Amino acid sequence: MKNDIKNMMKVTITGTSNIGQNAFNGAVNLQEIRIDSLMTEIGTNAFLGCNSLKTIQLPNSLKTLGSKSFGNMNSLTSINIPLGVRVLGDCVFGGCSSLTHIDIPKSVYEIGRGAFSGCENLRTVYVSASTPPDLYYDAFSDCPADFYVPMESVEAYKNAEGWSKYASRIVGY
């Protein structure tokens with residue numbers, strides 16, 4: 001079975017509300033994922049190390065991205081986090097060294113520990129929430145990103161626990 005996963009190039013996931021832990025972990029040749037609108041959760045390590053994936057389209061029904069669900073994807077350059085996602089798990093995009101831009105919708109209220117750690121090419125992070133989401137330890141360690149937040153919320157972000165360490169890089173839009 002593990003060899004079958006390694007050789008997959010495309011996968012369409014339908015008729016389920018979650019993708020389980022380690023479901024496609026190590027599918028190094030996987031280039032395309034299609035996920036239907038029933039999906040609400042992507043589990044821990046679900047797509048960890050799927051190095052051939054460059055972009056992923058996630059359904060609007062999604063609520064939770066589990067820990068390391070998209071970690072260590074060296075080819076991932078962008079991802080659209082749908083409005084409705086509430087939690088970005090620990091290290092969810094950790095080690096995605098080609099990721100350059102991320103939009104975090106206003107529905108996100110928690111960004112886990114190390115969520116974007118090691119995203120060394122991440123330059124811009126847009127956060128739409130007026131109230132700063134809970135930001136856990138080292139969520140953006142080793143990331144040179146500037147953080148664009150609603151103009152009326154700049155001071156709230158600069159003073160919020162977790163966010164204050166990035167205060168010099170928080171900008172209003």
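**Size, rings and cysteines in a predicted model**

Biologist: What radius of gyration does the chain have, and what would a compact globule have?
Modeller: The chain has 16 Å, and a compact globule of 173 residues would be near 16 Å, so the two agree. Keep in mind that this is a predicted model.

Biologist: What does the C-alpha trace span along its principal axes?
Modeller: About 50 × 30 × 25 Å.

Biologist: How many helices and strands?
Modeller: Two helices and 14 strands.

Biologist: How much of the chain counts as buried?
Modeller: 49% of the 173 residues. The chain exposes about 8,000 Å². Carbon and sulfur atoms supply 46% of that area.

Biologist: What share of the contacts with a separation of 6 or more comes from residues 24 or more positions apart?
Modeller: 28%.

Biologist: Switching to rings. How many aromatic pairs?
Modeller: The structure holds 13. One of them joins Phe147 and Trp163, edge-to-face, with 5.8 Å centre to centre and 85° between the planes.

Biologist: Where in the chain do those two sit?
Modeller: Phe147 is in strand S13, residues 146-149. Trp163 is in the loop between helix H2 (154-159) and strand S14 (170-172). They are 16 residues apart, and the pair links distant parts of the chain.

Biologist: Buried or exposed?
Modeller: Phe147 and Trp163 are both buried. Trp163 also forms an edge-to-face pair with Tyr157, at 5.1 Å centre to centre and 75° between the planes. Tyr157 is buried too.

Biologist: Which residues do ring pairs link into a cluster?
Modeller: Phe24, Phe47, Phe70, Phe93, Phe116, Phe140, Phe147, Tyr157, Trp163 and Tyr166.

Biologist: On to strands. Which residues of S3 are on the covered face?
Modeller: Ile33 and Ile35. Glu32 and Arg34 make up the uncovered face. In a regular strand, side chains alternate between the two faces of the sheet.

Biologist: In what sense do S1 and S3 pair?
Modeller: Parallel, over four bridges. Strand S1 covers residues 10-13. Ile13 has Ile35 of S3 as its bridge partner.

Biologist: Cysteines next. How many disulfides?
Modeller: Zero in the whole structure. For Cys91, the nearest cysteine sulfur is that of Cys119, 9.8 Å away.

Biologist: What is the relative accessible area of Cys143?
Modeller: 6%, so Cys143 is buried. The cut-off for buried is under 20%.

Terms used: Residues are numbered from 1 along each chain as its sequence is written. This is a predicted model: local features need pLDDT of at least 70, side-chain atom pairs count only at pLDDT 80 or more; totals for chains, interfaces and linings use all residues. Side-chain values use heavy atoms; hydrogens and water are left out. Rings of Phe, Tyr and Trp (its six-membered ring) pair if their centres lie within 6.5 Å; planes under 30 degrees apart count as stacked, over 60 as edge-to-face and the rest as tilted. Buried means under 20% relative accessible area, exposed over 50%, partly exposed in between (1.4 Å probe, protein chains only). Two strands pair if DSSP finds at least two bridges between them. A disulfide is a pair of cysteine sulfur atoms within 2.5 Å. The radius of gyration is taken over C-alpha atoms; the globule rule is 2.2 Å times the number of residues to the power 0.38. Contact means heavy atoms within 4.5 Å. Accessible areas come from the Shrake-Rupley method with a 1.4 Å probe; for residues, only the protein chains shown count as cover.
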